[in-house]
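Here are a few notes to read alongside the picture. Take them one at a time, and find each residue as you go.

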Amino acid sequence: MAHDPARGGPPAGTPPRPRHLLVMSAVVVAMLLAALDSLILGTAMPTIVAELGGLEHLSWVASAYMLATAASTPVWGKLGDMYGRKTVFLTSIGLFLAGSVVAGLAQSMGRLIGFRVLQGLGAGGLMVGALALIGELITPAERGRFQAMASTVMGAAMVGGPLAGGFLTDHFGWRWCFHLNVPLGLIVFLAIATGLHLPKKRAQAPVDYLGAALLTAVITALVLITTWAGTRYDWTSPVVIGLAVVAVAGTAAFLAVERGAAAPILPLDIFRSANFSRANVVAFLFGFVMVAAMTFLPIYQQTVQGASAAGAGILMLPLLLALVGVNTFAGRLIAERGDFRLYAVIGGALLLAGAFLLSLMDTTTSRLTTGLSMAVFGAGLGLLMQVTLSVAMESVETMNLGVASSTVTLSRTIGGSFGVSLAGIGFTDRVRGAAPSADAAGGEGHAQLSAESLAALPEQVRAAYAEAVAEGTHAAFLIAAALAAAAFLGAWFIKPRPRSAAETPPPHNDRIAFTDSSLQSPDVSSLR
């Protein structure tokens, strides 16, 4: 029976309720696995380096995964739109599990980095595939609740990742950070394979391989710039300038190719929706602020407030709980009332207030004060996560749900890459300028000293170092606050509701030809 929007029933093709819940639970677990693996190795890295060596390549264990995930995200999204979300999603799960198995067996740092690339390629499909399935299977009335679950998973991974990595490394060994993915991933694979039934698709147009290659080159150049510039290479070095040229030239070539492609990897038509474009700008900005905060808050808590690595994770709970609570509540409100601008503006205001409050932290700031500031910050993150995803998903037709979810995810990822790099420059410059004696004692990697290592330093050096880190954190959050202000301003330009198809009718060839016409959900496809 066709979906009746007036009655709020499930769209055609949606599994029966028990199976429906099983499939959606599996989708959320898949997202959790992909998000956790970007963070779980942080607390395990000292043990990994001690066993495998390769300290000079340490940063690439995380960067390789992030780079592969970012580069593959738009490709997976388009493949799901063209060939069916179930098949493509299962393929990404298989690739992720294969990468997890071989990464857990790695016997050298070089091999581990290579296997992390394979794992990251699969993770890109897990994230975008999960969001696209939520968009296709869930009615707009229920979509906010499931999108809130997805955003909650991201927040839980940010806080729980380091805790899980430390626990597994201490009790079972670092390789279980990868091995744990296998049983959970197999359960997800079986649940999707047996519980999800969608019509098979076969696109007539060829895959846009040239567009995919150019987009991958652009994303790779941008991520490498944010990873290397100001740390491994100077901003004016030939390497960084060369990467910038590749990014600019690649973008120009990509746009030219996409305009003429029969089935572009990133259909430029979707950016004709002003709301979609504005949501991606806001996603980029709050991604910058979010990742910068998640990077420097634990450093401040360990070095200035004296928390252990596990304790710093626990101290992040106010941010997580605020994010989860607001996400859950806002998802339902947005689904019922659809006033995107209102919630985006409130979210931007809370994000700006939270970032500013966190920039005021110094060596005398109590954990309670920090926790309250983090709660305000987390509430802003929760609202903006929900709004940008909802706007993106409801501003395109069903056939472009994969592209929409991958684009907003990519915007947030690229923003986060720039956030770590630019806020890190402010942090490092202020730390080195404020405490040269601590810099000499700790070396170039002193900003990552644990509370236990700091306790072994002389009192004068320890105090100077704590002051320096507080100064660096202040600088990092001032930069984050400036970007949060930009996100707040951008939120005012988001329209309360997406434009309807009646106002801007799509071309006739912009729709999927389903064997069962009832599978075209009018709640999604009628919104632009």
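The points below cover ring pairs and then one threonine.

1. First, keep in mind that this is a predicted model. Going by ring centres within 6.5 Å, you get six aromatic pairs.

2. Start with Phe271 and Phe276. Their ring centres sit 5.4 Å apart, and the planes meet at 70°. That makes the pair edge-to-face, because the angle is over 60 degrees. As for accessibility, Phe276 is buried, with a relative accessible area of 0%, whereas Phe271 is partly exposed at 33%.

3. Now look at Phe296 and Phe427. Here the ring centres are 4.9 Å apart and the planes are at 35°, so this pair is tilted. Where do Phe296 and Phe427 lie? Phe296 is in helix α11 (residues 274-303), while Phe427 is in helix α16 (residues 401-434), so the pair ties together parts that are 131 residues apart in sequence.

4. Are Phe296 and Phe427 buried or exposed? Phe296 has 5% relative accessibility and counts as buried, because the cut-off is under 20%. Phe427 is buried too, with a relative accessible area of 2%.

5. Last, go and find Thr370 in helix α15 (residues 367-394). Thr370 is buried, with a relative accessible area of 1%. Which residues does Thr370 touch, not counting residues up to four places away in sequence? They are Tyr300, Gln301, Gln305, Leu358, Met361 and Thr365.

Key
Residues numbered from 1 in each chain as written. Predicted model: local features only at pLDDT ≥ 70, side-chain atom pairs only at ≥ 80, totals over all residues. Heavy atoms only, no water. Phe/Tyr/Trp six-rings, centres within 6.5 Å; stacked < 30°, edge-to-face > 60°. Buried < 20%, exposed > 50% of the residue type's maximum accessible area, 1.4 Å probe, protein only. Helix = DSSP H or I, 4+ residues; strand = E, 2+ residues; numbered from the N terminus. Contact = heavy atoms within 4.5 Å.
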